[in-house]
Amino acid sequence: MSTSDSYIPTPTELVEVIDETPTIKTLVLAPAEPMSFKAGQFIQLTLPGVGEGPFTPSSSPSHPERISITILRTGTVTERLHECRPGQVLGLRGPFGKGYPIDKLAGKEVLVVGGGVGLAPLRALILTLLDDLDPIKRMSIRYGARGMEELLFRREYDQWASHAKVDMQVTIDNPQPGWQGPTGVVTTLLKDLDMTLPECTAFVCGPGIMLQFTTQALEAEGLTAEQIYLSMNRRMSCGMGLCGRCNIGKYYLCKDGPDMNYALIKDAPNVF
Ligand SMILES: Cc1cc2nc3c(=O)[nH]c(=O)nc-3n(C[C@H](O)[C@H](O)[C@H](O)COP(=O)(O)OP(=O)(O)OC[C@H]3O[C@@H](n4cnc5c(N)ncnc54)[C@H](O)[C@@H]3O)c2cc1C
Ligand code: FES
């Protein structure tokens, strides 16, 4: 794909809208041509006449003919995307970024830590690893949301955790009637990690403050910066390393990320 082609969105029909939580919807898209992507790569989604925004598909890369984008309503574009109905034609550009380093995970214990809508990009990683669990030793998923009603993909947790190599713990910030699980922010699930730390690789996605406290918690548990990958979903524009909107230190998050090894960025002034 040439740079000028990368600016032209592929027409894409919205075929299904899934209400996930009061503030999050999943849009299932059927691109005019299947768009191959790797878990962790992102796309620019255009609503004609309104604008575009970067989103990381939450669906498995094994099905490029149906791409799910899970969207938190937060401002102008996401508000209007939430109002879209099946049949609406959207535009897709991409994929951009490197994607998760799945080829480096053989023999590893994989720790997936999500906060709020951050579980959306991580779902593509989880589904990719579930497709073939043989290479990894184990996958531990830790997820936190503000309340029960904000838990994303709740219908899938039992199925994910039904694999012998997978375990999952979920917390909500405060006690709620009907909730029997742990309470507190997601870092409370990271104390005394029952993992073989030297073999562990952690992937973290969530709001900026969650990335910061989760990184601190993982370092306190004994993980090194090299073992931690952070989804740096900052504001982006071109998606191709051309506009300089997304740099952190010497890296462009759109090209070198958005999932960055913490060791590469930890000394940059604007990391959190
Ligand atoms: C690589 C990448 C992947 C992303 N993947 C997803 C995803 O899978 N699902 C999802 O819901 N969102 C994702 N985002 C964030 C999403 O792009 C923004 O929330 C969206 O573009 C906001 O557009 P808006 O016009 O609705 O909000 P605006 O009106 O532009 O902003 C409204 C509010 O949202 C905040 N905001 C805007 N952009 C971001 C951002 N990038 N990160 C954090 N806060 C932001 C603003 O500071 C403001 O407070 C991703 C961002 C990046 C860079
Ligand atoms: S978004 Fe333009 S350089 Fe990264």
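**Figure 1. Contribution of α5 to the largest pocket of the predicted model.** Helix α5 supplies six residues to the lining of the largest pocket, the largest share from any element. In this predicted model, α5 spans residues 208–221. Other elements that give two or more residues to this lining include β3 (42–47), α3 (119–131) and β8 (138–145).

**Figure 2. Volume and lining of the largest pocket.** The volume of the largest pocket is about 1700 Å³. Its lining comprises 49 residues, and those nearest the pocket centre are Leu72, Val117, Gly206, Pro207 and Asn233. Sorted by class, the lining contains 23 nonpolar, 19 polar and seven charged residues.

**Figure 3. Ligand 1 and its surrounding shell.** The largest pocket holds ligand 1. Two or more residues of the shell around the ligand come from each of β4 (51–55), β5 (67–72) and α2 (76–82). The ligand is surrounded by 18 residues, with Pro54, Thr70, Leu72, Thr78 and Arg234 the closest. Nine residues of the shell are nonpolar, seven are polar and two are charged.

**Figure 4. Polar contacts to ligand 1.** A polar side-chain atom of Thr78 lies 2.6 Å from an oxygen atom of ligand 1. Two further contacts involve the protein backbone: a backbone N or O atom of Thr70 is 2.8 Å from a nitrogen atom of the ligand, and a polar backbone atom of Thr76 is 3.4 Å from a ligand oxygen atom. Of the 870 Å² of accessible area that ligand 1 has on its own, the protein covers 72%.

Note on methods:
Residues numbered from 1 in each chain as written. Chains lettered and ligands numbered in written order. Predicted model: local features only at pLDDT ≥ 70, side-chain atom pairs only at ≥ 80, totals over all residues. Heavy atoms only, no water. Near = heavy atom within 4 Å. Polar contact = N/O pair within 3.5 Å; in protein donor to acceptor, adjacent residues only side chain to side chain. Areas by Shrake-Rupley, 256 points an atom, 1.4 Å probe, with all protein chains shown as cover. 1 Å grid on protein atoms, 1.4 Å probe; cavity = no way out; pocket = protein on both sides within 12 Å on 5 of 7 lines; lining within 4 Å. Sits in = over half its atoms within 2 Å of the grid points. Helix = DSSP H or I, 4+ residues; strand = E, 2+ residues; numbered from the N terminus. Nonpolar A, V, L, I, M, F, W, Y, C, P; charged D, E, K, R; others polar. Points joined across faces, edges and corners; volume = space filled by probe spheres on them.
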